[in-house]
Amino acid sequence: MKKMKVILGAVALAAVVSCSKGGDSDPVNDPPVNNPGNGSGDDSGDGSGDGAGTDPVSYQADIAPIMSSSCTNCHGDPPTQAAPMALVTLAQVRSAVEDRGLISRINSTSNPMPPDGRLPQATRDLIQAWVDQGFPE
Ligand code: HEC
């Protein structure tokens, strides 16, 4: 009887220890603080899921400026620095998306475009949204 108690005690102790250990080594790092709050109406549109349902994106207003600040110093017309194609017009950018894997290259960690490091997530999301919206002008 006494032996049984000791064993139970040991088991209980082990359970407590391993449990608190697990808790410590796996902290929840991002408390869901800012999300639900302030209805500061920026994205009040048709929240259709995966980020593609955001505001309309336009080539002229959104995409061309990204290309000219981050891409056309190599992908100009004509291209330089061994870049294989230009990214100066809508048609050129569209064909790079469709035929040259532009989206996977801007998101690549091993072989990104631009070569010196990926664009900010928000910028890549904008390009993705433009593609998802069907390359609007
Ligand atoms: C420093 C010069 C440079 C910059 C800046 C640059 N590229 Fe490139 N890019 C290259 C070179 C060189 C290649 C060919 C070698 C390779 O594929 O890595 C290339 C290849 C590519 C390819 C693949 C083409 C194919 O047919 O395989 C894509 C797509 C591309 N770049 C998109 C972009 C985009 C989009 C940007 C801007 C966000 C950008 N690049 C910025 C130099 C550059």
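Q: Which protein atoms are the donors of the iron atom of the ligand?
A: In this predicted model, the iron atom of the ligand has H75, through NE2, and M113, through SD, as its protein donors, and these lie 2.0 to 2.2 Å from the iron.

Q: And what arrangement do the six donor atoms make?
A: The angles subtended by the six donor atoms around the iron run from 87 to 179 degrees, which makes the arrangement octahedral. For reference, ideal angles for six octahedral donors are 90 or 180 degrees.

Q: Where in the chain do H75 and M113 sit?
A: They come from distant parts of the chain, 38 residues apart: H75 belongs to the loop between α2 and α3 (90-99), while M113 belongs to the loop between α4 (102-107) and α5.

Q: Is H75 buried or exposed?
A: H75 is buried, with a relative accessible area of 9%, whereas M113, at 26% relative accessibility, counts as partly exposed.

Q: Switching to the rings, how many aromatic pairs are there?
A: The structure holds two aromatic pairs. In one of them, the ring centres of Y59 and W130 are 5.7 Å apart and the planes are at 35 degrees, so this pair is tilted. Y59 lies in helix α2 (residues 59-70) and W130 in helix α5 (residues 121-132), so that the pair links parts of the chain 71 residues apart.

Q: What about the rings of W130 and F135?
A: Their centres are 5.1 Å apart with the planes at 90 degrees, so W130 and F135 form an edge-to-face pair. Both W130 and F135 are buried, and Y59 is buried as well.

Q: Which residues do the ring pairs link into a cluster?
A: The cluster consists of Y59, W130 and F135, linked by ring pairs.

How values were computed:
Residues numbered from 1 in each chain as written. Predicted model: local features only at pLDDT ≥ 70, side-chain atom pairs only at ≥ 80, totals over all residues. Heavy atoms only, no water. Phe/Tyr/Trp six-rings, centres within 6.5 Å; stacked < 30°, edge-to-face > 60°. Helix = DSSP H or I, 4+ residues; strand = E, 2+ residues; numbered from the N terminus. Buried < 20%, exposed > 50% of the residue type's maximum accessible area, 1.4 Å probe, protein only. Donors = N, O, S within 2.8 Å, 3.2 Å for Na, K, Ca; no water. Tetrahedral: all angles 85-135°; square planar, octahedral: opposite > 155°, others 65-115°.
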